[in-house]
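Visitor: I would like to go through some charged side chains and hear the reason behind each label.

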Amino acid sequence: AALAAHVAGDAAARGAGRYEMLAKGVLGLADASVPIERLSPVVEGLGRCAVLDGWPLVAALAVARGVDRWEREARRSAAAVVSASGGHQDAARRLVTRVLDAVTASPLGGG
């Protein structure tokens with residue numbers, strides 16, 4: 001949690017919003033005392049700046065914090081990635097399924 005907070009602060013100071021959001025998401029997983037209200041803007045930010053790789057983090061936050069709307073957002077983002085994968089949609093869909101199954105089973109993901 002301390003390292004994620006440091007990375008988030010450093011990224012914010014450098015204007016690296018994507019990495020700030022990713023680090024804040026990791027902080028939300030590592031430190032259960034971070035209020036959901038502080039994480040909602042992170043989930044929204046990941047949807048804007050880390051579409052390709054942010055959805056697994058959003059899914060993990062959803063499971064860990066029990067926020068259904070975040071799970072729906074993670075699934076929506078993952079579906080958009082699959083849709084945009086051209087001729088590789090079947091492989092992308094399999095990857096999304098594996099990742100979501102792993103997130104659900106992970107202690108960090110809450111399952």
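**Salt bridges and exposure**

Guide: Start with Glu73 and Arg76, which both lie in helix H5 (residues 68–83), three residues apart, about one turn of the helix. Helices (H or I, at least four residues) are DSSP runs, numbered from the N terminus. This is a predicted model, in which local features need pLDDT of at least 70 and side-chain atom pairs count only at pLDDT 80 or more, while totals for chains, interfaces and linings use all residues. Residues are numbered from 1 along each chain as its sequence is written, and side-chain values use heavy atoms, with hydrogens and water left out.

Visitor: Why is the pair Glu73 and Arg76 called a salt bridge?

Guide: The term requires a side-chain nitrogen of Lys or Arg within 4 Å of a carboxyl oxygen of Asp or Glu. For Glu73 and Arg76 the closest N and O atoms are 2.6 Å apart, so the pair qualifies.

Visitor: What makes Glu73 buried, exposed or partly exposed?

Guide: Buried means under 20% relative accessible area, exposed over 50%, and partly exposed in between (1.4 Å probe, protein chains only). Glu73 has 22% relative accessibility, so Glu73 counts as partly exposed. Arg76, with a relative accessible area of 46%, is partly exposed as well.

Visitor: How many salt bridges are there in the whole structure?

Guide: A search of the whole structure finds six. One of them joins the side chains of Asp53 and Arg18, at 2.5 Å from N to O. Asp53 lies in helix H4 (residues 51–65) and Arg18 in helix H2 (residues 17–30), so this pair ties together parts that are 35 residues apart in sequence. Asp53, at 37%, is partly exposed, and Arg18, at 26%, is partly exposed too.

Visitor: Which label does Asp90 get, and why?

Guide: Asp90 has 53% relative accessibility, and because exposed means over 50%, Asp90 counts as exposed. Its salt-bridge partner is Arg93, at 3.1 Å from N to O. Arg93 has 40% relative accessibility and therefore counts as partly exposed. Both residues lie in helix H6 (residues 89–105), three residues apart.

Visitor: How do you know whether Ser40 is buried or exposed?

Guide: Ser40, found in helix H3 (residues 36–49), has 15% relative accessibility, so Ser40 counts as buried. Leaving aside neighbours within four places in sequence, Ser40 is in contact (heavy atoms within 4.5 Å) with Arg69 and Trp70.

Technical notes: Helix = DSSP H or I, 4+ residues; strand = E, 2+ residues; numbered from the N terminus.
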